[in-house]
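Colleague: I would like to go through some helices and the words used for them. Please set each word against its definition.

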Amino acid sequence: MKLICGPMATISHPAFRILIEKFGFCDEYYTEMINAGSLLNFGPFEKFYIDPSPVPEKVVWQLTGTDKERMTEAARQLVALPGIGLDVNMGCSAPDIYKTGAGIGWMLCDIENTRQMVASVGKVVLDSGKRFSVKLRLGDEDFTDEGFLSFCDMLVENGVQLLTLHPRTKKEKLARPPRYSYCQMIAERYKSAGVAVYLNGNVKDENSFKYAEASCPSCQGVMISRAAVQKPWIFRELSSSSDEKITVNMEELCLEYVDLIEKYQPVEFWKTRLQRFFTYFAMNFKFAHYAQTQFLNALNNDDLRQRIRDFFEKCPEERVKVL
């Protein structure tokens with residue numbers, strides 16, 4: 001099975017990809033959502049969203065938006081960049097996203113409106129020779145199997161070559177187990193059509209990975225998101241071609257990430273990007289809450305660097321981990 005790093009707001013940028021690549025074995029990197037309108041309007045930060053470093057050949061551009069015309073023109077710009085292909089986000093269930101009609105809003109509106117957008121964007125992507133994919137959920141709380149499968153059929157009929165399914169509804173939180181049976185269902189349904197399916201949700205270690213594999217033998221990939229922030233080495237851990245121990249200098253990794261954020265992100269993004277990363281990464285430590293409090297309350301990057309050094313000075317047993 002392929003191992004894919006999922007799209008995460010404030011996380012899926014070059015600095016994070018560089019960290020993952022240090023450990024290797026990640027097959028694809030989805031970018032954080034690129035807003036079609038902002039891209040076309042030459043937003044001041046768009047150049048940071050479309051930087052494919054350090055492995056352009058592994059990047060999948062994830063596009064979001066609310067209307068066919070802008071989505072199509074933005075797709076035309078993105079497929080001109082290096083990368084595997086373009087993914088339309090139909091899975092984001094954040095209220096500020098779907099209430100505008102983006103994200104899962106495309107699953108909830110008039111299906112003809114969505115069909116026209118998919119057909120238009122799909123033509124641009126397929127004409128470029130790149131891969132066309134959609135990331136989606138099961139739908140709203142009142143979804144039916146018939147309605148979900150009909151929606152997926154529409155996507156496939158309009159050129160979608162890969163479906164990544166996060167098998168929860170719009171409102172279901174992470175505490176609710178993902179319904180992997182739906183990933184297997186659509187993988188079997190479209191196998192003869194050559195349409196691949198990736199599963200997304202709750203894979204965080206070797207046991208959960210093996211459970212997902214066993215539950216969805218027809219799926220071709222597993223997408224991992226939050227667990228990759230906590231453990232940037234997770235793809236190496238899960239790869240069948242890697243059986244050696246991993247030694248990680250946690251202090252050096254933390255300090256390196258601050259350097260990478262400064263290099264690859266605008267000053268305006270430094271604080272939010274670092275806080276989001278260390279919220280998850282600090283969970284590696286025995287005193288996780290203490291580490292989170294120290295790192296997230298840093299006044300600036302130099303203060304953060306000093307707080308990182310102080311933490312490992314006080315907790316030297318956390319400095320090096322052998323995994």
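Modeller: The buried residues of helix 4 (residues 68–78) are Met71, Thr72, Ala74, Ala75 and Leu78. Buried means under 20% relative accessible area with a 1.4 Å probe, protein chains only. This is a predicted model, where local features need pLDDT of at least 70 and side-chain atom pairs count only at pLDDT 80 or more, while totals for chains, interfaces and linings use all residues. Residues are numbered from 1 along each chain as its sequence is written, and side-chain values use heavy atoms, without hydrogens and water.

Colleague: Why are the buried residues of helix 4 said to line one face of the helix?

Modeller: Seen down the axis of helix 4, they fall within an arc of 170 degrees, so they line one face. The arc is that of the directions from the helix axis to the C-beta atoms.

Colleague: What makes helix 15 roughly antiparallel to helix 16?

Modeller: Helix 15 (residues 288–296) and helix 16 (residues 301–314) pack at an angle of about 155 degrees. Angles run from 0 to 180 degrees between N-to-C directions, and those over 145 count as roughly antiparallel. Helix 15 is therefore roughly antiparallel to helix 16.

Colleague: Which residues of helix 15 make that contact?

Modeller: Tyr290, Ala291, Thr293, Gln294 and Phe295 of helix 15 make it, contact meaning heavy atoms within 4.5 Å.

Colleague: Why is helix 13 called roughly antiparallel to helix 16?

Modeller: The axes of helix 13 (residues 250–264) and helix 16 cross at roughly 175 degrees and come within 10 Å. The two helices are therefore roughly antiparallel to each other.

Note on methods. Helices (H or I, at least four residues) and strands (E, at least two) are DSSP runs, numbered from the N terminus. Angles under 35 degrees count as roughly parallel, over 145 as roughly antiparallel, 65 to 115 as roughly perpendicular and the rest as oblique. Buried means under 20% relative accessible area, exposed over 50%, partly exposed in between (1.4 Å probe, protein chains only).
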